[in-house]
Amino acid sequence: MKLPVSGRATATAVLAAATLLTTGSIAGAAPAPESGTIAAAPDIPVANVKAHLTQLQSIATANGGNRAHGRTGYKASLDYVKAKLDAAGYTTTIQQFTSSGRTGYNLVADWPGGDTGQVLMAGSHLDSVTAGAGINDNGSGSAAVLETALAVARAGYHPTKHLRFGWWGAEELGMVGSRYYVNSLSSANRARITGYLNFDMIGSPNPGYFVYDDDPTIEETFKDYFAGVGIPTEIETEGDGRSDHAPFKSAGVPVGGLFSGADYIKTAAQATKWGGTAGRAFDRCYHSSCDTTANINDTALDRNADAVAYAVWALSS
């Protein structure tokens, strides 16, 4: 999640977006699914999500301790995610832009099939700040979205809507990559996106369970999941407008998402509700060098990853 300060860098496009990004058409797409019973979302193995986080940590360690925009660690992170998606049968596209004098990249992955006139997207930012590896912010969201995409492939899922997943660059500079992606779409293709789900920090070590309240249908979908597993939620306010859902929302796309908290302090009432420590930040390592694989609450990561899949299945059927 980006720092809430003004004067952020803006992106200058240096590479035209591929036809896939701007038209939504998929060459060789699978045939439309037959009508029938809505499939239940699978459980997302938290061990798989953590394995992705271990890889992102290793990438950061091998590349100056971070995975920040314009640094080798970011590109290596993107290459790791892309290889997993390519092997699973996704159509992947890298979108390139420039910000602060450095080259940035978005990765977009389309699952063949579904109605490309109705596109459900799920995404997260893949970059860290320069101070550290960014494993909660935002390896956690990136890994959960990746594992959900891989679960789609393992299940051979054939949703009614077309599924698209995105990993954004330069979020920490002011949602640069996601804004570039949204601006690269024609108004007609933006209108085809029925919803964008954003996941930025979902494994905080002293977690809360926060749900975006931007779109009532998406909000209720997440609340239904958490109610079903007996977890109370609160409306997300700390990161409102500070992550990659903001460019989509500004373009008129319905948005929603999850958040487990950054540097706001957990109250006594929240500690009673969720456990953890009152009077301490949800993530004391926010934007710090200690945001490593040791900075993850496995229970929060597990619950939120399952919620990602639940929403993807429910909103794409």
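Is K75 buried, exposed or partly exposed, judged by its relative accessible area? K75 is partly exposed, with a relative accessible area of 27%, where buried means under 20%, exposed over 50% and partly exposed in between, using a 1.4 Å probe and protein chains only. This is a predicted model in which local features need pLDDT of at least 70 and side-chain atom pairs count only at pLDDT 80 or more, while totals for chains, interfaces and linings use all residues. Residues are numbered from 1 along each chain as its sequence is written, and side-chain values use heavy atoms, with hydrogens and water left out.

**View 1. The salt bridge of K75 with D79 in helix α3.** The closest N and O atoms of this pair are 2.9 Å apart, a salt bridge being a side-chain nitrogen of Lys or Arg within 4 Å of a carboxyl oxygen of Asp or Glu. K75 and D79 lie 4 residues apart in helix α3 (residues 72–88), so about one helical turn separates them; helices are DSSP runs of H or I with at least four residues, numbered from the N terminus. D79 is partly exposed at 35%.

**View 2. The salt bridge of E147 with R154.** Here the closest N and O atoms are 2.9 Å apart, and whereas E147 is buried at 2% relative accessibility, R154 is exposed at 52%.

**View 3. The disulfide of C285 and C290.** The two sulfur atoms are 2.1 Å apart, a disulfide being a pair of cysteine sulfur atoms within 2.5 Å. The link is left-handed, with -115° about the S-S bond; C285 is buried at 2%, while C290 is partly exposed at 31%.

Key. Helix = DSSP H or I, 4+ residues; strand = E, 2+ residues; numbered from the N terminus.
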